[in-house]
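Hi,

Here is the structure I promised to send over.

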Amino acid sequence: MERTKIIETKEKAGKKVSISGWVTTVRDHGQIAFIMLKDRSAYVQCVLNGGLKEPVGEGYVLEIVGEVKERPEKMRNDKIPTGNVEIEVESYKVLNMSKDLPMPLNTDGKNINEEVRLKYRYLDLRRDRMQKILKLRSDYIAAVREELKKREFIEIETPMLTKATKEGARDFIVPSRFNPGKFYALPQSPQQYKQLMMTAGIERYFQFARCIRDEDLRADRGYEHTQIDLEMSFMNQKEVMQTVEDIIKGAVSAVGGRIKEDPFPVINYKEAMEKYGADKFDLRTEEEKKNNVLAFAWVVNFPFFKKVDAGDEAEKRDGKSGWVFTHNPFSSPIPEHLEWHMKGENIGEIVTAQYDLVCNGLEAGGGSIRAHNPEVLKQTFRIMGYSEEEIQESVGHMLEAFELGTPPHGGIGMGLDRQIMLLAGEDSLKETIAFPMTATGKTAVMDAPSPIGKKDLETLHLDVTDKGGSMVDRIKETLDSLGMVYKYMEHEEVRTSEEAAKIRGVDLSTGAKAMVIKSKEYEGKYIMVVIPADRQLDLEKVKNQLEEEFEIAPAKEVEQYTGLKLGSIPPFARLLKMDLYFDKAMYDKETVAFNCGLRTASIIMKGSDLIKAANPDKKSEKLEFAQ
RNA sequence: GGAGUGGUAGCUCAAUUGGUUAGAGCAUCUCACUGUCACUGAGAAGGUUGCGGGUUCGAGUCCCGUCCAUUCCGCCA
């Protein structure tokens, strides 16, 4: 039988239907039971006369066949759109079961720990609020695309693997396998490519561009974001702004959003700074905030250059002359100030043809009329103190294009995620993205970033070099912070405990042998056991005492997992994110010695101090792992 | 890199100046129930209070360290 969308059941009283979806609640009264079934369209109540035949719980996926019945007047449920009907179940099939859900899904989820929500993002997205946001996002993108198509914009994709730039944000870097020692960068914005599309005669370009930068995250800023990116030829500043404004207004109203002022107010940068103390501001009243009205505004007449902040290394690097651009070096000065610009006069007073779009106190986008004349762009860099050589190196390819008939042009980039956030009335960007990252850059559901194998590193001509060195520092820091006395020594490279004992001039039995072992039961689980260097690890004992089967981890895996060379691994498993067990015999050592991350560095210290500092599992005091 | 806040049951939270056996709601399990709609009622199970150390007769609570999360600053269009 063909599946019916649940929302359609409200029109199908008296008809037999087959519906499929997820169980959200079960109300079991013994001889009668009610199941709430949800699909992408709605919820509906299903009645089981005679009760449940097989157990059904929240999250189960069911296919239900039954008759749609009009509910009696007093039994209607006004809270759901299908509240006038219910399904009298003839039969149901469990398409899939579900374990107990790790978090409730019948709430908006806002008060649930974000860590849990992101780990189970596929469940989190099942909640009504998240489904609405994803739908809104999709609808808004479609509406914007529609507005752009109407105006003859052409959608063009630009490369994801591109060139690292010195200006702007830190790049995300991708190593090149074919070109040892060379790297691509992921795009921070398609700025240069879209300008080249103007040279190409496209005249009107747009793209929903993924932009990526390696800067610290905030609630309203992730590593990657999506930008509504567009560029137009043969348009002046007013015309570009008007076109962008029309597109936004069309798209926002298409998804039911409300805009405060039409046309958008245009405010001078100076005036904004005087009035609001910032170049972004919130024009809404309290009432409008409650009703989720969007208050757009333009900010214009920004200074092109500012004095370099002596405390800012990046600015000092970019602006050797003492001047640095405020927004975008590819912008043009306003026509009235072109002469100053070309002569390098009144630099602090030159105004750029830059326009920022502000919405509800946030920066919604920024763009400008570009410098299409190569001399104007060159002059921008000259003002910042670039030599002719440096100019060629950083924007030579653009200058070349500008010398080959690039028309006057301008455009804008607008943060899509932010617009969705504002439209949805959300406070965090993460709510608008299906699989966002945590504030520390961990991905949802999957645990990235993760180490890659030594072979892969070799293929990419990469070597992770500083792990050993930083490990030494971290161990010293730990010991120093605890006020412990220890002897640190650097020596010739050693590979075995025997060699190490000899070179340290201590007895082999003082050595703390840190062994990484691998669970046979859990893929990718490594733990560390520390035993006296003059004894051997007994895996049978490990198995008996930890009630889990382990094997010695292959050298390659250990080195990949820890980033340290075999023989250099210190008994500080916590620093390597492993569980740590000390053999019982270690608790009796007066003096212990161990390598601390490098094969050429050892520490000798009090046994009791090591145990304190390395912080093994407390039950290991009683466990024996060595033979 | 810096500062703040937080981490107690699967989820959300509580626990008085440091004081008995760490509590509650939801979820789970068992039983009862033919009209519920966040069903209800009776019962049960569920905890290394992130981890380690210290102070104390006694620590979820105070101190130190560490890990994780989160917000802001730095950074970032």
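Predicted model: local features only at pLDDT ≥ 70, side-chain atom pairs only at ≥ 80, totals over all residues.

Residues are numbered from 1 along each chain as its sequence is written, chains are lettered from A and ligands numbered from 1 in the order in which they are written, and side-chain values use heavy atoms, with hydrogens and water left out.

**The RNA**

By that definition, 48 residues surround RNA strand B, and the closest are Arg27, Glu215, Thr326, His327 and Asn615. Of the RNA atoms that come within 4 Å of the protein, 57% belong to sugar and phosphate. Strand 1 (16–28), strand 2 (32–38) and helix 1 (114–119) each supply at least two residues of the surface near RNA strand B. Helices (H or I, at least four residues) and strands (E, at least two) are DSSP runs here, numbered from the N terminus.

The side chain of arginine 27 has an N or O atom 2.5 Å from a phosphate oxygen of RNA strand B. For arginine 71, an N or O atom of the side chain is 2.7 Å from a base nitrogen of RNA strand B. Arginine 218 also places a polar side-chain atom 2.7 Å from a base nitrogen.

A nonpolar core here is a set of buried Ala, Val, Leu, Ile, Met, Phe, Trp, Tyr and Cys residues joined through side-chain atoms within 4.5 Å. Buried means under 20% relative accessible area, exposed over 50%, and partly exposed in between (1.4 Å probe, protein chains only). The largest such core has 45 residues, and those with the most contacts inside it are Tyr140, Leu230, Val244 and Ile248. Helix 3 (residues 128–150) gives the most to this core, with eight residues. Apart from it lies another core, of 33 residues, including Ala514, Leu564, Met578 and Val592.

What does tyrosine 140 touch, not counting residues up to four places away in sequence? Its contacts (heavy atoms within 4.5 Å) include Ile228, Ile248, Leu416, Gln419, Ile420 and Leu423.

Several of those belong to helix 12 (residues 416–424), where Leu416, Asp417, Gln419, Ile420, Met421, Leu422 and Leu423 are buried. With seven of its nine residues buried, helix 12 is largely enclosed by the rest of the structure. Just after helix 12, glycine 425 takes a positive phi of about 70°.

Arginine 137 is also found in helix 3, and it is buried, with a relative accessible area of 14%. Its side chain reaches the backbone oxygen of threonine 432 at 2.8 Å. Leaving aside neighbours within four places in sequence, arginine 137 is in contact with Thr226, Leu416, Asp417, Ile420, Thr432 and Ile433.

**Two open sheets**

Two strands pair if DSSP finds at least two bridges between them. One open sheet has four strands in the order 23-21-22-24, with mixed pairing. Strand 23 (550–552) and strand 24 (579–582) stand at the edges with a single partner each, so one side of each lacks a neighbour in the sheet.

All eight of the eight residues of strand 21 are buried, so it is largely enclosed by the rest of the structure. Strand 21 (residues 512–519) runs antiparallel to strand 23, joined by three bridges, and seven bridges join strand 21 to strand 22, also antiparallel. Lysine 518 stands opposite tyrosine 526 in strand 22, and its bridge partner in strand 23 is glutamate 551.

The other sheet has three strands in the order 20-26-25, with antiparallel pairing. Its edges are strand 20 (486–490) and strand 25 (591–595), each with a single partner strand. Five bridges join strand 20 to strand 26 (residues 601–606), and tyrosine 486 has methionine 605 as its bridge partner in strand 26.

Cheers

How values were computed: Near = heavy atom within 4 Å. Polar contact = N/O pair within 3.5 Å; in protein donor to acceptor, adjacent residues only side chain to side chain.
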